[in-house]
Amino acid sequence: MRSIENYMNNDSGDKRQYIKELKQEAARVKEIIGIYRKRRPVVIEFSGMPKSGKTSSINSLMQFLKRNDFKVKVVLESASICPVKDKHSPMFNLWTVCDSIKSLVGELESDRTQYDVIMCDRGIFDSMCWFQWLLNNDKMEQEMKNVLDQFLSMKELISYIDIVFVYKSRPEVSIEREYASLLTDVPGSIMNEEVLKGYLKAVEYTENTARKRKLFRELHSIDTSDKNQDDVGKEVTETTLRIIRELLEERIGYVEMPEQIMRQFEVKYWMAYNLFERAGGLALPILFEKRSVLEENYNYVQIVPIAVIKDVATNYVLLVKKLPKAVGDHSPEKDKELPYVGGHVRHEDIIGDKCDDFLEICKIALKREIREELGIAVSLDHIFPDFIYVRDGSRSNLHLAVCFLLEEKKETLKLRMESEELRKKRGSGRSGEFVSPESVADGGNSWTKVILNKYFGVMPMPHQRSLFDDKE
């Protein structure tokens, strides 16, 4: 039996070198995973032309990641078990994509998920391509296509997906690959040149539309017609490691606050939505940089959407406390009881048609944060935030709170405190409880004092009164 070394010795020096480089990069990424908190698995969808090398790439990437100590899950396509027999029916494509979504959501929303990477063999983007092909070939109506596109492009779905690899090959190459290992020359219902030409056209149209609408964080197109599988595997692996690293290192949102808005926050530490809009705040572009860079630069103000969750029956507020590992040593939130939840805007929140809309970005980020921290979904429709900016010499100088007041019925909320971020209620601890606002008036950070004063009419204790002196 030949050893692995013998196989490798027969490979080119170039291949040995890039395998070495990929292993080194994988080790760096694993080291970063140990430093930064991993919020959820990275999700990769593999899509595109039949016989374009997609399945070989999935197997190659899966083996590479597993052998470099990543935990990997592959969600297989279900076309082969679809009960709809007509592959040219919209119902065939609808069944397969719904099955894929079910599997993906089940993995990501489970509190038992321990994977680093989830790989989907076809999924949302792929189904968009097939629906476009069906429309082009008079297999479905435009109205149905519009409804399905609207469903599949929901931010709640597409925000799960970090990378889409779009595989392409010339139709004649796909057919040649198909029949290379078959003892037949009879065309299939899909594997024939006419269908493949039409499908390639649908793939390219869908890809261009998705790019214009910014539906996916990264669409990576690969034409494998004239590439060998090693080159394709290297490209896919490099891209995957890069995206994982970028997601872990966190690029967070910030603005360059104009002097006229700064001056208004000197008069009062909070500003209503309409005043912030009138001052031009909503027109500020949200820019992104690594957190480590921003924490050292006082010229930039980080955007932090937060939610104050109030019980409508009792007027009590949800109180949380963050774990030591979730906050820095100099954070104003360290060891404090907080009447709010939320966190930074991250680059991954930039997705969809309104990706340059200040308010929309904040809503996307906050809903993600609430889902990650409390395990619940909320609606922010028709809720307009206030803006809190306190320049008191603490780390608050670096952060602008975009504060949404959510009035809920606490008995309908099934909180699932996220173990990597918030303390769970134990013993006499109150994290995760609705409490009287007065009971937290003597603690917390400067945002807490503003929140309690504005939303609950709780004035600060005497030794805290300086925060509000001459600000009313």
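The following exercises, each with a worked solution, concern the predicted model shown above.

Residues are numbered from 1 along each chain as its sequence is written. In this predicted model, local features need pLDDT of at least 70 and side-chain atom pairs count only at pLDDT 80 or more, while totals for chains, interfaces and linings use all residues; side-chain values use heavy atoms, with hydrogens and water left out.

**Exercise 1. Overall composition**

Task: State how many helices and strands the protein has, and what share of its residues is buried.

Solution. Step 1: helices (H or I, at least four residues) and strands (E, at least two) are taken as DSSP runs numbered from the N terminus. The protein has 15 helices and 15 strands.

Step 1: a residue is buried under 20% relative accessible area, exposed over 50% and partly exposed in between, with a 1.4 Å probe and protein chains only. Of the 472 residues, 52% are buried.

Step 2: the accessible surface, from the Shrake-Rupley method with a 1.4 Å probe, comes to about 23,300 Å², and carbon and sulfur atoms account for 48% of this area.

Step 3: contact means heavy atoms within 4.5 Å. Of the contacts between residues at least 6 apart in sequence, 75% join residues at least 24 apart.

**Exercise 2. Helices 4, 5 and 6**

Task: Determine how helix 5 is oriented relative to helix 4 and to helix 6, and classify the residues of each contact.

Solution. Step 1: the axes of helix 4 and helix 5 come within 10 Å and cross at roughly 170°. Angles under 35 degrees count as roughly parallel, over 145 as roughly antiparallel, 65 to 115 as roughly perpendicular and the rest as oblique; helix 4 and helix 5 are therefore roughly antiparallel.

Step 1: Pro90, Asn93, Leu94, Val97 and Ile101 of helix 4 meet Ile124, Ser127, Trp130, Phe131 and Leu134 of helix 5. By class, this contact has 8 nonpolar, 2 polar and no charged residues. Here Ala, Val, Leu, Ile, Met, Phe, Trp, Tyr, Cys and Pro count as nonpolar, Asp, Glu, Lys and Arg as charged, and the others, Gly among them, as polar.

Step 2: the axes of helix 5 (residues 124-136) and helix 6 (residues 142-152) also come within 10 Å and cross at roughly 170°, so this pair is roughly antiparallel. The contact comprises 6 nonpolar, 3 polar and 2 charged residues.

**Exercise 3. Strand 10 and Val440**

Task: Explain why strand 10 is described as largely enclosed, and locate Val440.

Solution. Step 1: 4 of the 5 residues of strand 10 (residues 317-321) are buried, so the rest of the structure largely encloses this strand.

Step 1: strand 10 pairs antiparallel with strand 15 over 3 bridges, with Val317 opposite Val435. Another 2 bridges join strand 10 to strand 11 (residues 337-338), also antiparallel, and Lys321 stands opposite Glu337.

Step 2: Val440 lies in the loop between strand 15 (433-435) and helix 15 (446-456). Val440 counts as buried because its relative accessibility is 3%.

Step 3: leaving out residues up to four places away in sequence, Val440 touches Leu319, Glu337, Arg430, Val435, Thr448 and Leu452.

Note on methods: Axes fitted to C-alpha atoms, helices over the stretch in contact; angles between N-to-C directions. Pairing = 2+ DSSP bridges.
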